[in-house]
Amino acid sequence: MENLEKAIVRIKEAMPGLELLENENMSAHCSFKIGGPVRALAIPSEVSSLSKICYLLKEYQLAPYILGNGTNILFPDEGLKDLFIISTAKLTKMFLLPDGAIYAEAGVSLAKLASFAQQNGLKGLEFASGIPGSVGGGLIMNAGAYGGELKDAVESVVLYYLPEQRLYELTKEQCSFGYRSSLFQKMGGCVILSAVFRLEKGDGEEIAAQMRRLNQQRRDKQPLDLPSAGSAFKRPEGNYAAALIDRAGLKGYRVGDAQVSEKHAGFVVNLGKASSHDVHLLMRHVRKKVYENSGIALEPEMIILPPDYRLEDKGPAVPLHSVSSPGAEEAQEHSGS
């Protein structure tokens, strides 16, 4: 904690124009509308500023947690007093490259990326038009819907590697994309800064019509009127999480103000005053009942913080999916401490 306090003072002195929020409630920065305060939340408006924050934190043997649009994350009610978060929300530069590819920074929303592609007669991102996440977060989890995935459109990714304080450009193949997975999940310390998307030429009106069809399907089937973190569980191989939850009789199941959506059983929604504890208890119960009913252990798709937060679980021995602060161990290892 002492190093964190020193780092905050140092960053304030070195970057007086930086938007730096202290003891900020994360319920205001995530789609679930749940979460207590973190010690510091920095919102740089330039990629170079993000890199500088990371450099300054490393002087104090610290690594930040990188937050995109906060659309697939659950923060704890009690907050995270020892965490420094960097948000990419203002890294939103996007333009066409001379060869017709799209350059987009990490904070660009996938919906805006898809719309930009459509406006320029480029097809292949129609599936992303209703996904609320950002380019950075979407690439980390290889976001997808309706048969499309970001891996099908991305050509290269530029990242800042915290342990070495260096920039790298990776090809699509080097990113090791899989179903809701990527290299960035497996290797700590990767901060996505931007990406290049290579798409095919198409008819703008046809692309727009397809986007309208897919977005109408979302509105018809998903509880978009209530706070959530998107799909609560990953799709098990050969099955669907929503169908398994429904067959277990859990549609509408509720703990406090956390509820399995009555509209789509694959979503956990916040009815107004849900706590992270409510969500944990609900998800634990869902996993247990689905396992008893089908023998399938559901794996959460949302990120659950902090990584060592566990409730006693008498269900299947499958831990809740979580992530640690990227590169924390590697940063300490390379700092000489």
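**Exercise 1.** Find the strand that holds Ser-87, then work out whether Ser-87 is buried or exposed.

*Solution.* Start with the strand: Ser-87 sits in S5, residues 80-87. Strands here are DSSP E runs of at least two residues, and helices are H or I runs of at least four, both numbered from the N terminus. Before going on, note that this is a predicted model, where local features need pLDDT of at least 70, side-chain atom pairs count only at pLDDT 80 or more, and totals for chains, interfaces and linings use all residues. Residues are numbered from 1 along each chain as its sequence is written, and side-chain values use heavy atoms, with hydrogens and water left out.

Next, check the area: Ser-87 has a relative accessible area of 6%, so it's buried (under 20%; exposed is over 50%, partly exposed in between, with a 1.4 Å probe and protein chains only).

Now look around it. Leaving out residues up to four places away in sequence, Ser-87 touches Leu-41, Ala-42, Ile-43, Pro-44, Leu-67 and Gly-68 (contact means heavy atoms within 4.5 Å).

**Exercise 2.** Work out the strand order of the five-stranded open sheet and find its edges.

*Solution.* Read across the sheet: the order is S6-S7-S13-S11-S12, with antiparallel pairing (two strands pair if DSSP finds at least two bridges between them). The edges are S6 (94-96) and S12 (166-171), each pairing on one side only.

Then zoom in on one pair. S11, residues 154-161, joins S12 through six bridges in the antiparallel sense. Across that pair, Val-157 stands opposite Leu-170 of S12.
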